[in-house]
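Please open the structure in a viewer and keep the selection tool at hand.

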Amino acid sequence: MPVNERRIIIVIFSFLLATVPAKLCRADSCADSGQQLLQRGHHNLQGSFQEDGETYVNPVWNNDFPDPSVVRGGDGRFYAYGTGNAPFAIWDEMGITSPEQRAKYVEKHEVNIKVLSSPDLVHWTSEGMALKSPQDIAWSDGLQFWAPDVSKQSWNGEDWYVMYYAAQLNGEEENHKCIGAALSQTATGPFQDVGEPVLCRPGYVAIDPHRVDVGAESFLFWGSGVNGSIFMTPLQPNGWGLLDGDMGNPVLHSDFASEYEGTIEGVWVDHDAHAPGGPTWWLYYSGSNCCGDEAHYGVSVAGSRNLTGLYHKKAFFDI
């Protein structure tokens, strides 16, 4: 999917997750409304938009659905994908600690990436689970499937949906995360894992993938663990794998002077042809501690005149 189309969809979806009243986005007008907002510039974006006096109330999906990724399917509907994670806190309370106990639990309560669909980004329906037999994916521990990123591709005249996601590497110590890929010819799946991780970087927590397609080139941005960087990795033309096995290079480094950048992750990249000073690529990212009782999390932005970076913090740009 072209960068601009994905930008419109994801920006609109971020508005829908805000907890403010807003106007209804009809199926035939969602893209136009998003474009109007984008034309006003990122700094003027609001958590609602007005249209024909019809309102909606957030949340639009009042269930556990972290790290949403949204794509428009070939049928015109919108599809959202969310993280699947084993209930580790509940397990601790229940005393479910051994691998055998956890495996038995997962047999009854599948851990998987969730799928929703909507005609208008407001009224959502569960479409079940995305991955085919996730507990049978040999390279993963089957307990964590994080931050899915889905895009619609056309290869050799056929439409494919490509999902990248992060998972714990089987048999390794905690937080040895790798990025996998799974394919489907329908937006609801099932998505078949390709059989091995697409990317494992020794000494790094490879998480939060985000694919960007520009012309005939494709790139995978991905986040990191503590003391890490945001990387960009070139992908094969008309494919899902790494180009020549290239692990890529860092395009943004942690800023340890910032309270929100001991960890940086959750990258999303956007192109602005009308930015002050000339066309600019904006890289949005999350930082610090996302979760738990001591959560301290923020969203930051960096910019570059080139997609491939390096990206500089907002102080270098007139945003």
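The stops that follow cover the nonpolar cores and then the salt bridges. Please note that the model is predicted.

**First stop: the nonpolar cores**

Select Tyr-81, Ile-113, Leu-131, Phe-145, Met-163, Tyr-165 and Phe-191. Within the largest nonpolar core, which has 26 residues, these touch the most other members. Next, colour strands E4 (78-82), E8 (140-155), E9 (158-169) and E10 (177-184), the elements that each give two or more residues to this core. Strand E9 provides the largest share, 5 residues. Then move to Val-212, Ile-230, Leu-252 and Leu-307, which are among the 16 residues of a second, separate core. In soluble globular proteins, nonpolar side chains tend to be buried together.

**Second stop: the salt bridges**

The whole structure contains 3 salt bridges.

Select Lys-114 and Asp-64, whose closest N and O atoms are 3.9 Å apart in a salt bridge. Lys-114 belongs to strand E6 (residues 114-118) and Asp-64 to the loop between strands E2 (55-56) and E3 (69-72), so the pair ties together parts 50 residues apart in sequence. Lys-114 is partly exposed, at 21% relative accessibility, whereas Asp-64 is exposed, at 56%.

Continue to Lys-152 and Asp-159, whose side chains form a salt bridge at 3.5 Å, N to O. Lys-152 is partly exposed at 21% relative accessibility, and Asp-159 is partly exposed at 36%.

Finally, select Arg-211 and Asp-213, where the N to O distance of the salt bridge is 2.9 Å. Are these residues buried or exposed? Arg-211 is buried, because its relative accessibility is 1%, and Asp-213 is buried, with a relative accessible area of 11%.

Methods
Residues numbered from 1 in each chain as written. Predicted model: local features only at pLDDT ≥ 70, side-chain atom pairs only at ≥ 80, totals over all residues. Heavy atoms only, no water. Core = buried A, V, L, I, M, F, W, Y, C linked by side-chain atoms within 4.5 Å. Buried < 20%, exposed > 50% of the residue type's maximum accessible area, 1.4 Å probe, protein only. Helix = DSSP H or I, 4+ residues; strand = E, 2+ residues; numbered from the N terminus. Salt bridge = Lys/Arg side-chain N within 4 Å of Asp/Glu carboxyl O.
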